[in-house]
Amino acid sequence: MDLGQINPVLLVASLMVAATPLLLAAIGELVVEKAGVLNLGVEGMMIVGAISGFAISVETGSPWLGFVAAAIGGAVLSLLFVLLTQFALANQVASGLALTLFGLGFSALMGQSYVGVKPPSMGDIYIPLISDIPVIGPILFRHDPILYLGIALTAVVWAALKYTRVGLILRAVGENHDAAHALGYKVIKIRIMAILFGGACAGLGGAYISLIRVPQWTEGMTAGVGWIALALVVFASWKPWRVLLGAYLFGGITVLQLNLQAAGVAIPVEYLAMSPYLITILVLVILSADKSSAPASLGRTFHASH
Amino acid sequence: MTIPLLSLQGLTKAYPGVVANDQVSFDIGEGEVHALLGENGAGKSTLVKMIYGLVKPDSGTMKLRGNPFAPPEPRAARADGIAMVFQHFSLFDALNVAENIALGMENPPPMGDLASRIREVSETYGLPLDPFRTVGDLSAGERQRVEIIRCLLQDPKLLIMDEPTSVLTPQEVDILFETLNKLRSEGTSILYISHKLEEIRTLCDHATILRLGKNVGECVPAETSARDMAEMMVGSTLQTPERSGRELGEVALDVSGLSVPSPSEFGTALRNVHMTVRKGEVLGIGGVAGNGQDELLGVLSGEIPTSADAIKFKGQAIGKLGPTARRKLGVLTAPEERLGHAAAPDMSLTENALLTGSVREGLEKNGFLKWTETRSFAEKIIEAFDVRTPGPENAARSLSGGNLQKFVIGREVLQNPDVLVVNQPTWGVDAAAAASIRQAILDLAAKGTAVVCISQDLDELMEISDSFAALNEGRLSAPRPTTGLTVDEIGLMMGGAHGMEVAHV
């Protein structure tokens with residue numbers, strides 16, 4: 001065992017990378033749930049985003065176009081969820097599960113010819129002087145642009161929900177859709193926009209795994225991150241900054257346990273591998289002990305019958 | 001003649017299987033308080049939804065100050081000066097007062113300005129309200145203030161109020177009426193929907209009466225008796241419940257020294273409650289809502305356990321028994337909240353009949369349910385109490401409030417209880433249905449049942465009860481015979497003017 005091999009600076013820098021897919025997917029799902037919709041298809045939208053982004057960036061040579069395609073891919077899959085739940089008024093839980101199963105299968109089909117291919121690299125941001133600051137530079141200022149997009153998105157979602165009229169209307173729809181309808185707000189339209197946003201974010205999160213974190217394509221490579229994102233939204237009490245905190249905690253412990261495995265710590269690998277899930281959930285359960293609760297209309301089907 | 005503010009001509013709206021409004025026409029003048037009267041299901045709500053742009057009429061026209069008016073959506077109606085306070089509050093519990101109000105406005109000012117305008121308007125109209133409190137923590141009266149202020153901030157020409165007083169205490173009703181009178185003196189017209197005829201007589205200038213979707217008459221409420229208006233609504237002579245002179249039997253229910261803390265955070269604890277109810281007696285319990293009514297029903301039903309000797313049924317201590325054990329003995333209850341307490345909203349009437357009837361009606365055997373018998377029990381209730389529904393397989397939620405109330409009261413009455421405790425038996429129920437429920441309670445008492453009727457409707461209590469007691473901050477006054485009791489005495493029993501604290505929260 002040699003803990004000296006673990007470089008704390010690299011550890012912190014890589015935890016941010018490990019956390020970003022989770023953060024992107026969870027922030028999208030947070031907006032969806034704030035609008036009162038429970039979309040359990042995050043995992044499916046992520047994996048479809050992962051393959052869409054991977055395929056397009058390999059074909060065009062541009063990781064940027066890949067991420068755009070990933071967002072579109074995730075949103076298009078969420079459109080299926082829209083059709084099922086907002087127009088056919090199907091059960092949201094069942095539709096979400098179907099979306100995940102469909103996404104996993106469909107991405108495997110699409111990705112058959114991409115196994116073993118190496119995608120073009122996005123490259124990290126490098127700002128002279130600032131990026132060279134010892135410790136802080138490598139941790140904060142030498143990442144890829146999408147990682148910063150994730151943090152910016154958290155800030156934007158937080159501010160929009162708290163300070164803007166659009167955010168207020170979105171929360172109102174999620175809180176009491178009948179009252180929002182009675183006041184003349186277009187419940188279905190607002191929910192569709194939220195679901196599409198959630199799909200796009202999940203797609204970005206998936207592509208971050210296949211284009212930056214790993215970077216390669218294998219079947220089922222999202223490996224449950226979508227499910228963790230769903231849990232994260234709940235345990236973070238639907239608060240954007242807590243989602244960020246939870247994602248970094250999860251990313252941090254994931255990276256740490258990998259390092260510990262490499263360093264040959266005398267804890268069975270299985271325990272190390274389960275530790276990110278256990279610790280993230282434990283910490284967030286303790287954090288979510290306050291009174292803030294779920295959007296009151298979450299998961300309920302809206303039908304303008306009266 | 002001046003042009004009326006709003007003129008309705010031949011409005012018709014049909015839903016599959018029912019014509020909600022059939023050629024309804026009337027005018028609302030400037031600065032007039034216009035009452036819209038009708039039984040449950042007479043089409044009042046549909047009519048106001050058309051004015052507010054939530055529902056499109058199939059035919060007919062509306063004119064606002066002589067100009068054609070056909071709002072495609074509530075936004076357009078609001079822009080034309082129509083504001084509405086909903087029967088079931090259209091509020092968002094998790095948001096604060098200012099956010100709720102902003103949602104009901106077209107172009108809300110920034111939150112800071114809005115908060116100061118809310119304070120300003122709420123002071124002007126005597127409706128104190130803190131803009132930053134979370135709506136979920138407010139009382140029913142305060143929630144209604146939020147809705148009213150939301151409307152007032154838009155300087156409405158016409159304010160529509162759908163049964164605004166059904167959730168208010170008498171003091172809050174007084175405050176509301178002062179506000180409405182002030183608005184009228186400023187030239188705002190009000191369309192006021194209510195069942196409560198006495199309220200309409202004191203407040204409204206003019207009344208239109210709907211029956212089965214048709215306009216069946218108009219009147220000036222101040223010059224028409226409540227009875228005449230009720231008969232116009234029902235379309236037939238109203239049966240006043242009759243009390244047959246009867247002998248009171250031995251004591252059936254004996255409550256002594258009952259003190260229990262309230263199970264809910266905002267409830268009222270019961271303090272040293274004493275009462276006895278004899279066979280064939282109807283004990284009426286009045287008082288302003290929130291003085292321990294729910295808790296009293298809870299301890300009598302068995303939902304809140306007490307010390308065994310605090311409640312005795314025919315001499316047997318039953319304080320520790322749960323609801324099912326009490327039902328077996330013959331102590332039955334019908335709580336106030338229809339959806340969620342008295343009935344399971346999404347279950348069918350048959351299933352709901354089973355929920356309280358299984359013990360006494362023998363609807364289960366060795367853990368298996370007897371659906372055939374249960375269904376016929378439900379059908380018996382529907383027939384005996386004139387519950388209007390296509391059949392017992394319909395969900396409780398699909399019934400109108402009055403019909404469901406008839407069902408939940410009927411369900412208990414038909415089980416031949418020895419003691420029946422009801423809370424607000426005619427809450428939100430129209431005149432005809434209320435009369436039939438009261439008659440059923442009286443008939444039951446005539447057969448020797450001891451009845452405890454908790455209600456906030458003093459007229460109702462005077463009509464059916466033999467003795468009267470009042471709940472005040474969890475204490476029950478000594479019961480007194482109803483005959484000869486004056487309004488002043490009742491007021492003193494209810495705690496005098498202490499309830500006015502409500503006014504300056």
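Predicted model: local features only at pLDDT ≥ 70, side-chain atom pairs only at ≥ 80, totals over all residues.
**Notebook: strands, helices and the A–B contact**

Residues are numbered from 1 along each chain as its sequence is written, while chains are lettered from A and ligands numbered from 1 in the order in which they are written. Helices (H or I, at least four residues) and strands (E, at least two) are DSSP runs, numbered from the N terminus.

**Sheet in chain B.** I looked up the partners of β5(B) and found that two bridges join it to strand β4 (residues 59–64) of chain B, the two running antiparallel; two strands pair if DSSP finds at least two bridges between them. The open sheet has four strands in the order β2-β1-β4-β5 of chain B, with antiparallel pairing. Its edge strands are β2 and β5 (67–68) of chain B, each of which pairs on one side only.

**Positive phi.** I then checked backbone angles, since most residues other than glycine have a negative phi. In strand β2 (residues 18–28) of chain B I found B:Q23, whose phi is near 50°, a positive value in a residue other than glycine. B:Q23 is partly exposed, with 14 other C-beta atoms within 10 Å; a residue is buried if 20 or more other C-beta atoms lie within 10 Å of its own, exposed if 12 or fewer, and partly exposed in between, with C-beta atoms placed from the backbone. B:Q424 also has a positive phi of about 50° although it is not a glycine, but I located B:Q424 in the loop between β19 (419–423) and α14 (431–446) of chain B, and with 22 C-beta neighbours inside 10 Å it counts as buried.

**Helix α2(A).** For helix α2 (residues 42–60) of chain A, the 19 residues should span 27 Å at 1.5 Å a residue, and the end C-alpha atoms are 26 Å apart, which agrees; the expected span is 1.5 Å times one less than the number of residues. I noted that 16 of the 19 residues of α2(A) are buried, so the helix is largely enclosed by the rest of the structure. Just after α2(A), A:G61 takes a positive phi of about 80°.

**Packing of α7(A) on α9(A).** Helix α7 (residues 165–175) and helix α9 (residues 187–213), both of chain A, pack at about 110° with their axes 10 Å apart; axes are lines fitted to C-alpha atoms, for helices over the stretch in contact, and angles run from 0 to 180 degrees between N-to-C directions. That makes α7(A) roughly perpendicular to α9(A), a class that covers 65 to 115 degrees. I listed A:I169, A:L170 and A:V173 of α7(A) against A:V187, A:I190, A:R191 and A:A194 of α9(A), where contact requires C-beta atoms, placed from the backbone, within 7 Å. These residues divide into six nonpolar, no polar and one charged; Ala, Val, Leu, Ile, Met, Phe, Trp, Tyr, Cys and Pro count as nonpolar, Asp, Glu, Lys and Arg as charged, and the others, Gly among them, as polar.

**Between the chains.** I found eleven residues of chain A in contact with 15 residues of chain B. On the side of chain A that touches chain B, α7(A) gives the most, with five residues.

Definitions and conventions: Parallel < 35°, antiparallel > 145°, perpendicular 65-115°, else oblique. Contact = placed C-beta atoms within 7 Å.
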